Amino acid sequence: MNKTALLLLTITLLFIGLVGCGNTGNEVKQAGQIELDANNIVSINLIEKKQPMATISDPSSFERFVQAITTAEYDRGQLDIAPSDYSTTVNMKDGISYEFSFWIGGSNSGLLIKSGQMGHYRLSDTSKKDLLDLFQSTFKEDKISSEDTANPQPPSVQVTVNPFTGGK
């Protein structure tokens, strides 16, 4: 009878061990998904390699940003590559910030890393192009607005002179 009880205990422990190991794959997959709500974003600070920081504050741009990064595919592998083309800090309404680095310029294949998370994400060609367009247009708009404040144009002045009509 001892052998039967020992056999049942061994089978039960083996079964529990197999069930426990089977759940780890799902946990890794869930950890690799980027979840971000565009409605809760306050601003996105954007930095390009050699440019001063620009800020994205348009809600429609938040939607574009979130759509592009949430469709990226997670890859657990670590990268050993050059510094990123762009980096962002996404500031949320609850005071939390998320940092992302992007390799989307030139011949880069479209990668991103979420700070503090292992692995990286692969962007689709469409997402890569949309983010690159969003980032470049933000820097153009920011440059134009900073030039306007750095070199303000004098106000246009119109002077009207009433001729002296005479009279004493």
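**Notebook: sheet, rings and salt bridges**

**Entry 1, a hairpin.** I began at strand 6 and strand 7, which form a hairpin with 5 residues between them; in the turn, G116 has a positive phi of about 85 degrees. I took strands (E, at least two residues) and helices (H or I, at least four) as DSSP runs, numbered from the N terminus. This is a predicted model, in which local features need pLDDT of at least 70 and side-chain atom pairs count only at pLDDT 80 or more, while totals for chains, interfaces and linings use all residues. Residues are numbered from 1 along each chain as its sequence is written, and side-chain values use heavy atoms, with hydrogens and water left out.

I checked pLDDT, the predictor's confidence in each residue, from 0 to 100. The chain has a mean of 80, and 70% of its residues reach 70 or more. Strand 4 has the highest confidence, at 96, and helix 2 (residues 24-31) the lowest, at a mean of 39. Over residues 23-31 pLDDT stays under 50, and the model has 3 contacts (heavy atoms within 4.5 Å) beyond four places in sequence for them. Where pLDDT is low, the predicted coordinates should not be read in detail.

I traced an open sheet of 7 strands in the order 2-1-4-5-6-7-3, with antiparallel pairing. Strand 2 (54-56) and strand 3 (73-75) are at the edges with a single partner strand each, so one side of each has no neighbour in the sheet. From one strand to the next, the twist averages 30 degrees. Two strands pair if DSSP finds at least two bridges between them. Strand 4 and strand 5 pair over 6 bridges, strand 5 and strand 6 over 4, and strand 6 and strand 7 are joined by 2. I then followed facing residues: Y86 is opposite F102 in strand 5, F102 is opposite L112 in strand 6, and L112 is opposite Y121 in strand 7.

I listed ring pairs of Phe, Tyr and Trp (its six-membered ring), with centres within 6.5 Å; planes under 30 degrees apart count as stacked, over 60 as edge-to-face and the rest as tilted. The count comes to 8 aromatic pairs. Y86 and F135 have ring centres 5.0 Å apart and planes at 55 degrees, so this pair is tilted. Y86 lies in strand 4 and F135 in helix 4 (residues 125-150), 49 residues apart. For F102 and F135 the centres are 5.4 Å apart and the planes at 75 degrees, so that pair is edge-to-face. Here 33 residues separate F102 in strand 5 from F135 in helix 4. One aromatic cluster is formed by F65, Y86, F100, F102, F135 and F139. Are F102 and F135 buried or exposed? I use buried for under 20% relative accessible area, exposed for over 50% and partly exposed in between (1.4 Å probe, protein chains only). F102 is buried, at 0%, and F135 is buried, at 0%.

I counted a salt bridge where a side-chain nitrogen of Lys or Arg is within 4 Å of a carboxyl oxygen of Asp or Glu. The structure holds 4. In one of them, K49 meets D85 at 3.7 Å, N to O. K49 is in the loop between strand 1 and strand 2 and D85 in the loop between strand 3 and strand 4, so the pair ties together parts 36 residues apart in sequence. K49 is exposed, at 54%, whereas D85 is buried, at 11%. D133 and R64 meet at 2.9 Å, N to O. This pair links D133 in helix 4 with R64 in helix 3, 69 residues apart.

Note on methods: Axes are lines fitted to C-alpha atoms, for helices over the stretch in contact, and angles run from 0 to 180 degrees between N-to-C directions.
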